[in-house]
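Visitor: Could you walk me through this one, with the cut-offs spelled out as we go?

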Amino acid sequence: MELFFTMLVPLILTGVALYGALHRVDVYSALCQGAGSGLETLIRILPVLVGLMTAVAMLRASGALELLSAVLSPLLEKLGLPGELLPLMLVRPVRGSAALGVGSELIQTYGPDSTLGRTAAVMLGSTETTFYTIAVYFGAAKISRTRYAVPAALCADLVGFLAAAWAVRVLF
Amino acid sequence: MTMTVIWTGMAAVAVVCGILTGRGAQVSAAAVEGAAAAVELGISMAGMLCLWSGVMEVMRQSGLAEQLSRLLGPVLRLLFPKERKDRAVMDSISANVSANLLGLGNAATPLGLEAARRMARKSPGIASDSLCMLVVCNTASLQLIPTTVAAVRAAAGCQTPFDILPAVWLASGLSVGSGVLACKVLARLWRD
C-alpha cells in the first residue's frame, strides 16, 4: 500500500499512456496538447493567486487572522475544525480560484506536511465551488425556484469540511 | 462584485488592524511579499499542472470517460429514478459524472448543463428533484485525483504530494453521500 502511493504518479502516467496507445490515440501529441492547456490554466489562476495571497498575507501580518481564530476557535474546535482554516472555509463555497489562493497561503505558512496544511489541502480536494456551480446550472436551465438545492449543497460542504479534519486526524 | 467586496474588506481590515496592533511595517512587507510568493508558487506548480493537464487530455481522447460512464449506469439510475427512461438525459448525466471523476472539469460542465436544460423542460422555472440532485452532485467534489492541490503541496516542498489521497476520497465520499442523502430526505419533506 505504501509503495502504491509512492509509485502512484508513474503508475497513473504509464497506465493512462498504455490505455491510450491500445485505443489508437496519439498519446504523445495529446499529452503535449494538454500540457499547453495546463499553461493556460496557470495564466488564468495566477492573477487570482496574486490578489488573494497578498490580501491573506496582509491579514496575517496585521494580526487580524489570529484575532478571528482566537474568537471563533472555541466554537469551531467543538466541531473538530481548526480555527486557523476559517478563512478557507468561508471563501471555499464562493470562489474556487480564491479558495485556491487562500488555501495555498495556508499550506505554505503551516507547511504541506503539517496537520493544518494537510487539512487545508484535503478540504480543497474534497469540496467544490458551491455557489458558482448553482448559479451556472440554474442560470443555464432558467430556474427561478431552486427549492432545496442550496441547503442540500451546503450540507454536503459542511460535511466535507468536518470529514476533511476528521480524516486527516485519523489517517496521519 | 462579491469578490470586490471580499477583497476590499480584507485589505481594509488588514490596514486598520495593523495600525491598532502596531504592526504597520509587517503589513507593508506582507503586501509586497505576498504578491511575490504567489508568482513563485505559480511557477513552481507550473510543471505538475501542465503534466496533469496532458494526462487528462490523453484520458479524454482515449475514451476513458465513456468507459467509466457505462460502469456508472446502475448507480445513477438509483439517484435519478424519474429520469431512468429518458436515454438522452441519462447519457448526459453519466458523461457529466464520469468527466467530474476524472477531473475533466471543462468537459463536465457543458454535459451537465445539457442534462439540466433537458430536465428543466419538464418543469420550467422550477427545480425538479432530479435537477436538485444533479446540481448537488456537481457542487460536491467527485474528482478522484485532485491535481491542482497536489501541485500546490509539491510547490510548497512536499515530497509525497499525493499522500492525502485516501483522506480526500474519504472526505469526498462522506460529503457527496450526505448531499445525496439530504436531497432524498428533502425531496419528501419539502413543501413549496
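Predicted model: local features only at pLDDT ≥ 70, side-chain atom pairs only at ≥ 80, totals over all residues.

Guide: Residues are numbered from 1 along each chain as its sequence is written, while chains are lettered from A and ligands numbered from 1 in the order in which they are written.

Visitor: How many helices and strands does the secondary structure of chain A come to?

Guide: Helices (H or I, at least four residues) and strands (E, at least two) are DSSP runs, numbered from the N terminus. From that end on, the elements of chain A run α-α-α-α-α-α-α-α-α. The tally is nine helices and zero strands.

Visitor: Which helix of chain A gives the most to the side that touches chain B?

Guide: Two residues are in contact if their C-beta atoms, placed from the backbone, lie within 7 Å. On that basis, 83 residues of chain A are in contact with 85 residues of chain B. Several helices of chain A supply at least two residues each, including helix 1 (2–6), helix 3 (27–62) and helix 9 (149–171). With 25 residues, the one giving the most is helix 3.

Visitor: How many residues of helix 7 of chain B are buried?

Guide: Buried takes 20 or more other C-beta atoms within 10 Å of a residue's own, again placed from the backbone. In helix 7 of chain B, B:T147, B:R153 and B:A155 are among those that qualify. The buried residues pack against helix 6 and helix 7 of chain A together with helix 2 (24–61) of chain B. Helix 7 of chain B, residues 147–155, is mostly covered, and the buried count is nine of nine.

Visitor: Helix 7 of chain A and helix 8 of chain B pack at what angle, and what does that make the pair?

Guide: Axes are lines fitted to C-alpha atoms, for helices over the stretch in contact, and angles run from 0 to 180 degrees between N-to-C directions. Under 35 degrees counts as roughly parallel, over 145 as roughly antiparallel, 65 to 115 as roughly perpendicular and the rest as oblique. Helix 7 of chain A and helix 8 (residues 165–189) of chain B have axes 9 Å apart and an angle of about 50 degrees. That angle is why helix 7 of chain A is, relative to helix 8 of chain B, oblique.

Visitor: Which residues of helix 7 of chain A make that contact?

Guide: On the chain B side, helix 8 brings B:A167, B:V168, B:A171, B:S172 and B:S175. Helix 7 of chain A brings A:V122, A:G125 and A:S126.

Terms used: Buried ≥ 20, exposed ≤ 12 C-beta atoms within 10 Å, placed from the backbone.
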